[in-house]
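Q: Hey, I'm new to this one. Can you put it up and walk me through a few spots?

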Amino acid sequence: MTQTWIPGQKARTQGPPRRPAGGARASARLTGRGGVVALFAACFLSLLLAAWTGWPMLADVALVMTCGLVACYTRPAGLRSVVVCPPLAFCAGSILAQLITAPDTFSALAGVLITLGTATLWLFTGTVLTMAIAFGRGWRPELAATVLGNLRVALRERRPRGDRWAERRLPSRAQR
């Protein structure tokens, strides 16, 4: 530590540089792709560990925890891809883990279906948790331009006339 003396002022001690206001959390941020890869890796590794130990609940709990962590540590610009990917990452991880651990193809297919069937509530919980955290962090889903365009056209076709709403009819193809 050094002291700095400026004429007319008291000597002041300089310490280490200050951390950002968010603390350690502000320094570690994932991109959208990084969040998807982290979620896939966590699902795959937890499914492998669950298959080898015989604890299927391990993969489900790891999925929900990873969904929360990935949603917290992803940059706001990448939240759209993170919100969509929990079921897809779990399905891909399940397929890959079953292909590695199952003795034949039929057993792998049956294992994937059983894993997805038993993990449905956990998948739903992880996806809802991811969406709730993303909403809390400022993510808002946007309507597609075509939906808004169709809505504008539909509203333009119905205009108030007098006391009632009347639908304006477009000429049919036969009249053209």
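A: Gln98 touches Ser107, Ala108, Gly111, Val112 and Thr115, leaving out residues up to four places away in sequence; touching means heavy atoms within 4.5 Å. This is a predicted model, where local features need pLDDT of at least 70, side-chain atom pairs count only at pLDDT 80 or more, and totals for chains, interfaces and linings use all residues. Residues are numbered from 1 along each chain as its sequence is written, and side-chain values use heavy atoms, with hydrogens and water left out.

Q: Where does Gln98 sit?
A: In helix α5, residues 86-101. Helices here are DSSP runs (H or I, at least four residues), numbered from the N terminus.

Q: Is Gln98 buried or exposed?
A: Buried, with a relative accessible area of 17%. The cut-offs are under 20% for buried and over 50% for exposed, with a 1.4 Å probe and protein chains only.

Q: Switching to α7, which of its residues are buried?
A: Leu123, Gly126, Thr127, Thr130, Ile133 and Ala134. Down the axis of α7 they fall within an arc of 130 degrees, so they line one face of the helix. That arc is taken from the directions from the helix axis to the C-beta atoms.

Q: What do the buried residues of α7 pack against?
A: They pack against α3, α4 (79-84), α5 and α6 (105-118).

Q: And what's on the face turned away from that buried side of α7?
A: The exposed residues Leu121, Phe124 and Gly136.

Q: What comes just after α7?
A: Gly138, which takes a positive phi of about 105 degrees.

Conventions. Helix = DSSP H or I, 4+ residues; strand = E, 2+ residues; numbered from the N terminus.
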